6 protein chains.
Amino acid sequence: MKITIKLGGFIFKEKPKPELTKAYAEVLTNLHREGHELAVVTGGGANARNYIHAARSLGANEALCDLLGIYASRLNAHLLIAAIGQAVHPHVPSTVEEMLGCSSSGKIVAMGGLQPAHSTDAVAAIVAEMLAADRFIKVTDTAGIYTKDPHKHPDARKLDEVRVDELLRMMSSASLSAGAYELMDPIAIRIIQRSRIRTWIIPGDDPRNIVRAVKEEKIGTRITF
Amino acid sequence: MKITIKLGGFIFKEKPKPELTKAYAEVLTNLHREGHELAVVTGGGANARNYIHAARSLGANEALCDLLGIYASRLNAHLLIAAIGQAVHPHVPSTVEEMLGCSSSGKIVAMGGLQPAHSTDAVAAIVAEMLAADRFIKVTDTAGIYTKDPHKHPDARKLDEVRVDELLRMMSSASLSAGAYELMDPIAIRIIQRSRIRTWIIPGDDPRNIVRAVKEEKIGTRITF
Amino acid sequence: MKITIKLGGFIFKEKPKPELTKAYAEVLTNLHREGHELAVVTGGGANARNYIHAARSLGANEALCDLLGIYASRLNAHLLIAAIGQAVHPHVPSTVEEMLGCSSSGKIVAMGGLQPAHSTDAVAAIVAEMLAADRFIKVTDTAGIYTKDPHKHPDARKLDEVRVDELLRMMSSASLSAGAYELMDPIAIRIIQRSRIRTWIIPGDDPRNIVRAVKEEKIGTRITF
Amino acid sequence: MKITIKLGGFIFKEKPKPELTKAYAEVLTNLHREGHELAVVTGGGANARNYIHAARSLGANEALCDLLGIYASRLNAHLLIAAIGQAVHPHVPSTVEEMLGCSSSGKIVAMGGLQPAHSTDAVAAIVAEMLAADRFIKVTDTAGIYTKDPHKHPDARKLDEVRVDELLRMMSSASLSAGAYELMDPIAIRIIQRSRIRTWIIPGDDPRNIVRAVKEEKIGTRITF
Amino acid sequence: MKITIKLGGFIFKEKPKPELTKAYAEVLTNLHREGHELAVVTGGGANARNYIHAARSLGANEALCDLLGIYASRLNAHLLIAAIGQAVHPHVPSTVEEMLGCSSSGKIVAMGGLQPAHSTDAVAAIVAEMLAADRFIKVTDTAGIYTKDPHKHPDARKLDEVRVDELLRMMSSASLSAGAYELMDPIAIRIIQRSRIRTWIIPGDDPRNIVRAVKEEKIGTRITF
Amino acid sequence: MKITIKLGGFIFKEKPKPELTKAYAEVLTNLHREGHELAVVTGGGANARNYIHAARSLGANEALCDLLGIYASRLNAHLLIAAIGQAVHPHVPSTVEEMLGCSSSGKIVAMGGLQPAHSTDAVAAIVAEMLAADRFIKVTDTAGIYTKDPHKHPDARKLDEVRVDELLRMMSSASLSAGAYELMDPIAIRIIQRSRIRTWIIPGDDPRNIVRAVKEEKIGTRITF
């Protein structure tokens, strides 16, 4: 099965801790050993936010801030590669063309962002589309998609399923500033919509949730069409 | 002054005709000679649509169709380079990082699209943002932005100015399929909005309209904030 | 068996039509599945001629015109990749070194031109030589090599075989202007000669003619030594 | 004058703070405006150490750990570029050949590490040698080179000058583990020695110390031959 | 004036001697200082022949032998760069596109071969064409073009001028094997012909002969149309 | 088993002779066929020394001299590739990242030097470390490591084993000038030390000595910890 995974940058932390990275590496290696084709896009996390914040304070424009976040996200991809070892392609692609070349080798692909004005969510959706993924799994630091922002509203309710057009409507007010994308960026959702990509948003506390989503067990939030 | 220009692919036609390309090359060369810093993004036009259409019929996914459109748009950038000669950088950048390198040489930069899910409009907006452009000028095959689609509604009225949030509202229903972006793609508009880029949408029948927009003469539609 | 194929640009048309491309993609995929190693060089066709013509009108030198034709030929290679899918390497090489890298992966290689003053015929011959191809098959829009230009002389007779030195003699008057190479460019023939590459020139109306040439059935014109 | 500067990673901190980066950017921009040719190599600092530590815990070999440190150091170079703006080349070179290309443009070059088993000190020394620098200035978080490790020995005395062979003797016990180079790595010193590069080790608390070293005012420690 | 120069590999010898290289570097630097735009293509010489000979003995195909000759020719270009210093672009381009980028910087361009089946003569002609050179000067180890091979025929007479079509006729029997091109390769001559490039073949014993050809003084053999 | 081999440049000679190269190619091909993973770093040999000497005479700095030696060493890697054929990756990597990509394909990797101030010994040690090689075999033109320089001291005695710290002590006086590294460069030894790489220094007169070292038969000098 072709599986594209977005690993939220929160996994890597400001001061990256090896335990969680290792656990994810094991889950990915197992899936690959079972014959699945894997591509993984890592978010930038705290380091990306730190560098973006510093750059913005230094007067950098938003596109350049985006680039700094992209480079930070690639650092996390390199760390994931260090954790996986032989089963992953050693190169972190910086264009979808390079991604296709790496994927064509049969190894796991690990990558970060690509170009400004595309969040790593959007990149992951493009990768899922380009590889005709059977599963697109976004690993987040929440239980899935909520009716409201769960960090602010205690009465927010986690959705088991959400229709893509409904999701788009929910997102319509999201801002485009680097680092501020909430839940999932609208470009990602439009790509999921246009290519009807089978998508799950799952909680990242347990790496085996990825396996649950692959098996279509009930986990996180599933996007329907 | 720093000027970023989006040249609609319609200028290059399916079977590219040299006259209009030449006229644009002259306007651009003159602006460069006067000391302006120029970056030009060319659309894919009819050739892009033809190749995208063929690829889609062959079962290619939308991201790959986007790539074919991007490659076609770069062909137009190469033709523009052939028309301009010495004043333009000979390389067509395929990332914003390469674009920065070319621009850093002081020559005109000519380029097409970059990565899937970014129209050449979005690319041009990113370039304008990255270069901190004083003018972002989109050259279209209409007189500017209309209240409705002028091809379908005879009572459509051209707007001299439009607020960016109003424009975003008008665009909100635009689809993300390759080749189907109308007027200006929402990502481009969000970038214009987040960085308050001074933007004009002008008619492409007369290349000197670019000079009019540079001088802030009344031409096409101006985006306000 | 190692097979290098030159697909005439005529297959892709000015407005590329998917049917013929699809039929060729199927023949190539089948040959690859049977264990043959394939490299395919696509010509530029009508689009290449259109862009070359426009560039020349704009005052571009012949080397730059060649480059435009090369870029157009690569667009056709990308379309062929979209048609073939998994069995082809996703990258279109722009040097023979890159071609070797792609070929080394065991996938079909699809590519266009390389550098000015080499027609795609010459490129295909170089590729055939570099890969030590057992068959070099040039797919044309004629029945093979004729005693005279069949478009001008109704009494032209198709040859079943032609000795390479005889062919060189016939070609000796060919001009080097971009797009004007007739039948096969002399550089290609000299390469065929120096490495004694087993070569067929076959009609492109039926993609299965490639299989016939692979099996050494009587088809088109065979070059002998 | 040709000046090569090594900026210790300590300037960029784990959570990069813009103030010091900005102050350094101003000093560098001024020196460039006065006509000096500048190349700056940034260390990896706390982020490099964090990623190296995580990678080592994940079982990565030392060469791969070095690579993670190199990528982290390049992130700091990108931040410095964001701070400098127009006067710096936008590309962070990843080989000395690319460095030569960037330097050849007349802009400031900003870069991080290059390849495993070369600290950023060694990289800076190679850059200084390759550019035939008139000054090689290493900016540290100490006052210069001490008779002993000043963090451990309160009676350590700062040296105003030190002969390169004496320095080499002091260094001879330094280990090669990533992140563990003390004072200056022996490879750097051997390069300084073989090409007799005029070198200063200066305290980084005040960015203007760079100007003092350029003017050969008494600051930090000077390496003599 | 735009000048493209082919420096025969004989200048660099099997064991390169610095004196002649230095003398050429000075002539080139002076011409550049006077405002001329220079591109120089170096031949492979004895080293190229040695490696080609070894590779052929090892069973390498002719295209791969060509590549080894190309790499050897680039080594000579690097040595020329070492001799020229600041006035030359530090990068040795491996495609005409890269050559255009280097040339666009205003520095001297030094390069070797490009792709198989193009001698460095052909490469130099392509470069002359691409840059619209006012002079194309081929520096050889003979006094110019002779009526016969001067190494074999004592009655061979040096020509002051030769018409390009006459030259082509003389060349028509030249073989395409790597290292075996005599006088000038036919592809080079066809390019000279199609773009009417003003060409001189001059003796390489005195580097100042280049200056004589630039001034159109009587030296070597001039190609006429 | 993972095996990294350093082939001394002496194998390739100033005028490369095919016999020894062929014999080495056969040994390498056999080892690869038996399932071993191979990476081979070739030295620059006489050609490297010749070009370095010429460049130094021309006033080039040591870092640039190093680069010329690196390019010469890559020429030898290309010749080795020509000798091996199908079993080797056709690309000569110029960074460790590219080396990882080539190695990841399962083919033999052949490469020369990387960056200035790293001898090809150091490069080979880095490659051995990066690939976690089970054997690092350095092929030399001596019988192994001697108690003294055997070219100067007739009473020098070959060591069967030497402890890495003892070796480092012996090396401590080695100079860093390009081409002057004796026995093994200290950077290489420190890498061997920090990663405890199982290392043999063996005589290059018989290519089958590599097989002997792989089998841990008594040959040359073994480095112990």
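This passage looks at how chain F meets chain D, and then at how chain B relates to chain C. The model is predicted, so local features need pLDDT of at least 70, side-chain atom pairs count only at pLDDT 80 or more, and totals for chains, interfaces and linings use all residues. Residues are numbered from 1 along each chain as its sequence is written, chains are lettered from A in the order in which they are written, and side-chain values use heavy atoms, with hydrogens and water left out.

Where chains F and D meet, 28 residues of chain F are in contact with 28 residues of chain D (contact means heavy atoms within 4.5 Å). About 2,500 Å² is buried between the two chains, and carbon and sulfur atoms give 60% of this area; buried area is the accessible area (1.4 Å probe) that two parts lose on being put together, summed over both. The two chains share 2 salt bridges (a side-chain nitrogen of Lys or Arg within 4 Å of a carboxyl oxygen of Asp or Glu). One salt bridge joins the side chains of D:Asp66 and F:Arg194, at 3.2 Å from N to O. On the side of chain F that touches chain D, the elements giving two or more residues are helix 3 (62–84), helix 4 (96–103), helix 5 (120–130) and helix 7 (186–195) of chain F; helices are DSSP runs (H or I, at least four residues), numbered from the N terminus. Helix 3 of chain F gives the largest share, 6 residues.

Methods
Copies are superposed by least squares on the C-alpha atoms of residues with pLDDT of at least 70 in both.
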